[in-house]
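This report is written for a reader who has not seen the structure before. Please look at the sequence and the model first, then read on.

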Amino acid sequence: MTMPNEVLDCRGQRCPLPVIAAARRMPEVPVGTVVRVLADDPAAAVDIPAWCRMRGQEFLGTIPGPEGPAYDIRRTH
């Protein structure tokens, strides 16, 4: 498992807010940075990987956790 360089806590936010938060943050971090998005909205499980595909970022996977799932994204460009 890759350790994130940064964590965005989007728990309690509904779709599409977690994706918007990730989209705003990614251009601000260096290429290669892993950002972990904490999101308990069930739609995030579909929305975050789909956003990564559309934007050419690397979706590293879903990490289950006691306070809800997390989604790791690596900035590729």
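The model is predicted. Four strands make up an open sheet with mixed pairing, and their order across the sheet is β1-β2-β4-β3. β1 (6-9) and β3 (58-63) are the edge strands; each has a single partner strand, so one side of each has no neighbour in the sheet. Direction ignored, neighbouring strands are turned against each other by 20° on average.

I63 has A70, in β4, as its bridge partner.

## The helices

Two helices lie across strands of the sheet. Helix α1, residues 17-25, lies across β1, β2 (34-38) and β4, and runs at about 145° to β1. Helix α2, residues 44-55, lies across β2, β3 and β4, and its angle to β4 is about 5°.

## The nonpolar core

The largest nonpolar core contains 15 residues. Those with the most contacts inside this core are V35, V37, I48, W51 and I73. Two or more residues come from each of α1, β2, α2 and β4. α2 gives the largest share, four residues.

Which residues does V37 touch, leaving aside its neighbours within four places in sequence? V37 is in contact with L8, C10, P18, A22, I48, P69, A70, Y71 and I73. Among these partners, I48 and I73 are also listed with V37 for the most contacts inside the core. A70, another contact of V37, is the residue of β4 that bridges to I63.

## A loop residue, E67

E67 is in the loop that lies between β3 and β4. Is E67 buried or exposed? Its relative accessible area is 55%, and exposed means over 50%, so E67 counts as exposed.

The side chain of E67 makes a polar contact, at 2.3 Å, with the side chain of R11. E67 and R11 are 56 residues apart along the chain, and their C-alpha atoms are separated by 8.6 Å.

## The database record

In an unreviewed entry, UniProt lists residues 8-32 as "domain: UPF0033". In the model, the chain over residues 8-32 is 36% helix and 8% strand.

Notes:
Residues are numbered from 1 along each chain as its sequence is written. This is a predicted model: local features need pLDDT of at least 70, side-chain atom pairs count only at pLDDT 80 or more; totals for chains, interfaces and linings use all residues. Side-chain values use heavy atoms; hydrogens and water are left out. Two strands pair if DSSP finds at least two bridges between them. Axes are lines fitted to C-alpha atoms, for helices over the stretch in contact, and angles run from 0 to 180 degrees between N-to-C directions. Contact means heavy atoms within 4.5 Å. UniProt positions are given in the numbering used here, feature names are shortened, and annotations may be inferred rather than shown by experiment. A nonpolar core is a set of buried Ala, Val, Leu, Ile, Met, Phe, Trp, Tyr and Cys residues joined through side-chain atoms within 4.5 Å. Buried means under 20% relative accessible area, exposed over 50%, partly exposed in between (1.4 Å probe, protein chains only). A polar contact is a pair of N or O atoms within 3.5 Å; within protein, one must be able to donate a hydrogen and the other to accept it, and residues adjacent in sequence count only if both atoms are side-chain atoms.
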